[in-house]
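Open the structure and keep the sequence beside it. We will walk through a few helices, one after another.

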Amino acid sequence: MNNQAVLGQFLRPVGQFDLIRLGSDSDGGYLVVKQDVENADILVSLGICDDWSFEAAFLKANNVPLEAFDGSISLFDLFKMFIKSSLQFFNLKRLSHSIFALASYKSFFSGTKRHHKYFVGYDKEPNFIALKSIFDQYVGANGRAFLKIDIEGWEYRILDDLLAVADRLSGLVIEFHDVDLHSDSIERFVNKLPLDVAHVHCNNFADINPDQTPLVIEVSFSNAKRIADSALTFPHRLDSPNNVKKADYQIAFK
């Protein structure tokens, strides 16, 4: 099976950064720049589902307030996931994860760690909120937020808003979906964003199309200075396949 993915030059990291891995060793973990984590005043996380391993690891590295937004999840939703997993006797790993998520949700999201049951895209009560509203309400004019985005295609609805708050970002990691359909939008965004591409990784739960374009990618952007200009290879030594049953995709840029 061909596991060679091809991405545009605009997604090539500008050099080597001091990367660290935060979150799960498989799906849910990301490589981000250590200095960006340290410089954050707040973590804003868009899309958590039933996995907050990234958020937990981030707060262990820098214990700042967390504002998480996901309209698809609640304690009741986690209970339904647990029931569904308990009927899948062959998937003990999934059942174990569901039990942990259900048991830890209320204790994790407490105090300065808050989950808001909103989808992020635009302001519309009762279930939707715009990125600008989040930053105005929770980050403030002088705050520096690290922003994690995994919102299953809705990221394209907030790219302009994201550019508008870019001066309040310490760092950013974003998952782009349906890359083959939105390559032009991604390129325009990357070229306008005043942060550098620090890392890129393909999510191997998604396919590579016949043109060798990976359908889902994870991109980390940084405000920090790169530590070297030497050539890079992908996947990075700290990368891990999202789907551990498949090899990670190799990446070439053209």
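Contact means heavy atoms within 4.5 Å. Which residues of H7 are buried? They are Val179, Ile186, Phe189 and Val190. Buried means under 20% relative accessible area, exposed over 50%, and partly exposed in between (1.4 Å probe, protein chains only). H7 covers residues 179–192 and bends by about 40° at serine 185. That bend is the angle between axes fitted to the seven residues ending there and the seven starting there.

This is a predicted model: local features need pLDDT of at least 70, side-chain atom pairs count only at pLDDT 80 or more, and totals for chains, interfaces and linings use all residues. Residues are numbered from 1 along each chain as its sequence is written, and side-chain values use heavy atoms, leaving out hydrogens and water.

Now find helix H3, residues 75–86. Its buried residues are Asp77, Leu78 and Ser85. Seen down the axis of H3, they fall within an arc of 100°, so they line one face of the helix. The arc is taken from the directions from the helix axis to the C-beta atoms. These buried residues of H3 pack against helix H4 (92–108).

Last, look at glutamine 35, which sits in helix H1 (residues 34–38). Glutamine 35 counts as partly exposed because its relative accessibility is 40%. Aspartate 18 is 17 residues away from glutamine 35 in sequence, and 7.6 Å away in space, C-alpha to C-alpha.

Key. Helix = DSSP H or I, 4+ residues; strand = E, 2+ residues; numbered from the N terminus. Expected span 1.5 Å × (residues − 1).
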